[in-house]
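This report describes one protein chain for a reader who is new to structural analysis. Please keep the sequence and the structure in view while reading.

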Amino acid sequence: MMDIGKRIKILRKRKNMTQKELGILLGFKESTAVVRITQYEKSSRMPRDNILQNICNIFDVKKEVLTSSTGDPVIDLCIDMYWLSMEGIAPLLVFNFFKSVNELFPLKYGEFNRLIGRNKY
């Protein structure tokens, strides 16, 4: 499972945002913004709930998608695979995984797609 810090880094890079820019958007002082975001991305410090929610708002993702915490193991596994696809890791494996989940658990696959804001993989 990919940790939250790595997911934050992926989202930040996909938006072409620096650590300093993200830190300032989250309300940190310019002098501490980079340090704080580095701590989050390296998972040496976990963002508090309000900061985590602000990160979700900035990147327009649901908290469950950032944390893989839906309470449903199939959907949480789908979310973990989604993050692998965001990083470009094993695209064929990820594609086949989602194809299988769609065939075996179509309702859960639909719920996963609603969480990430898309209709199809």
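## Basis of the description

In what follows, axes are lines fitted to C-alpha atoms, for helices over the stretch in contact, and angles run from 0 to 180 degrees between N-to-C directions. Helices (H or I, at least four residues) and strands (E, at least two) are DSSP runs, numbered from the N terminus.

The model is predicted: local features need pLDDT of at least 70, and side-chain atom pairs count only at pLDDT 80 or more, while totals for chains, interfaces and linings use all residues. Residues are numbered from 1 along each chain as its sequence is written, and side-chain values use heavy atoms, with hydrogens and water left out.

## Overall architecture

The chain contains eight helices and zero strands. Read from the N terminus, the order of its elements is α-α-α-α-α-α-α-α. Taken along the principal axes, the box filled by the C-alpha atoms is roughly 50 × 25 × 25 Å.

Of the 121 residues in the chain, 41% are buried; buried means under 20% relative accessible area, exposed over 50%, and partly exposed in between (1.4 Å probe, protein chains only). Contact means heavy atoms within 4.5 Å. Among the contacts in the chain with a separation of 6 or more, 50% are between residues 24 or more positions apart.

The axes of H7 and H8 come within 5 Å and cross at roughly 125 degrees. That angle makes H7 oblique to H8, since angles under 35 degrees count as roughly parallel, over 145 as roughly antiparallel, 65 to 115 as roughly perpendicular and the rest as oblique. In this contact, Phe 98, Val 101, Asn 102, Glu 103 and Leu 104 of H7 meet Pro 106, Tyr 109 and Phe 112 of H8. By class, there are six nonpolar residues, one polar and one charged. Here Ala, Val, Leu, Ile, Met, Phe, Trp, Tyr, Cys and Pro count as nonpolar, Asp, Glu, Lys and Arg as charged, and the others, Gly among them, as polar.

How do H6 and H7 pack, and at what angle? Their axes are 10 Å apart, at an angle of about 155 degrees, and the two helices are therefore roughly antiparallel. On the H6 side the contact includes Val 74, Leu 77 and Cys 78, and on the H7 side it includes Leu 93, Val 94 and Phe 97. The contact of H6 with H7 has eleven nonpolar residues, one polar and no charged.

The axes of helix H6 (residues 73-86) and H8 come within 9 Å and cross at roughly 50 degrees, so H6 and H8 are oblique to each other. Val 74, Ile 75, Cys 78, Ile 79 and Tyr 82 of H6 make this contact with Lys 108, Glu 111, Phe 112, Leu 115 and Ile 116 of H8. By class, the contact of H6 with H8 has eight nonpolar residues, no polar and two charged.

## Aromatic pairs

Rings of Phe, Tyr and Trp (its six-membered ring) pair if their centres lie within 6.5 Å; planes under 30 degrees apart count as stacked, over 60 as edge-to-face and the rest as tilted. By this rule there are seven aromatic pairs. The rings of Tyr 82 and Trp 83 have centres 5.7 Å apart and planes at 75 degrees, so this pair is edge-to-face. Both Tyr 82 and Trp 83 are buried.

The rings of Phe 98 and Tyr 109 have centres 6.1 Å apart and planes at 55 degrees, so this pair is tilted. Phe 98 lies in helix H7 (residues 91-104) and Tyr 109 in helix H8 (residues 106-116), so the pair ties together parts that are eleven residues apart in sequence. Phe 98 is buried at 1% relative accessibility, and Tyr 109 is buried at 8%. Ring pairs join Tyr 82, Trp 83, Phe 97, Phe 98, Tyr 109 and Phe 112 into a cluster.

Ile 37 belongs to helix H3 (residues 33-41) and is buried, with 0% relative accessibility. Beyond its neighbours within four places in sequence, Ile 37 is in contact with Arg 12, Gln 19, Leu 22, Gly 23 and Leu 26.

## Two loop residues with positive phi

Most residues other than glycine have a negative phi. Asp 60, however, has a positive phi near 55 degrees. Asp 60 sits in the loop between helix H4 (49-59) and helix H5 (63-67) and is exposed, at 72% relative accessibility.

Ala 90 also is not a glycine and has a positive phi, of about 45 degrees. Ala 90 lies in the loop between H6 and H7 and is partly exposed, at 33% relative accessibility.
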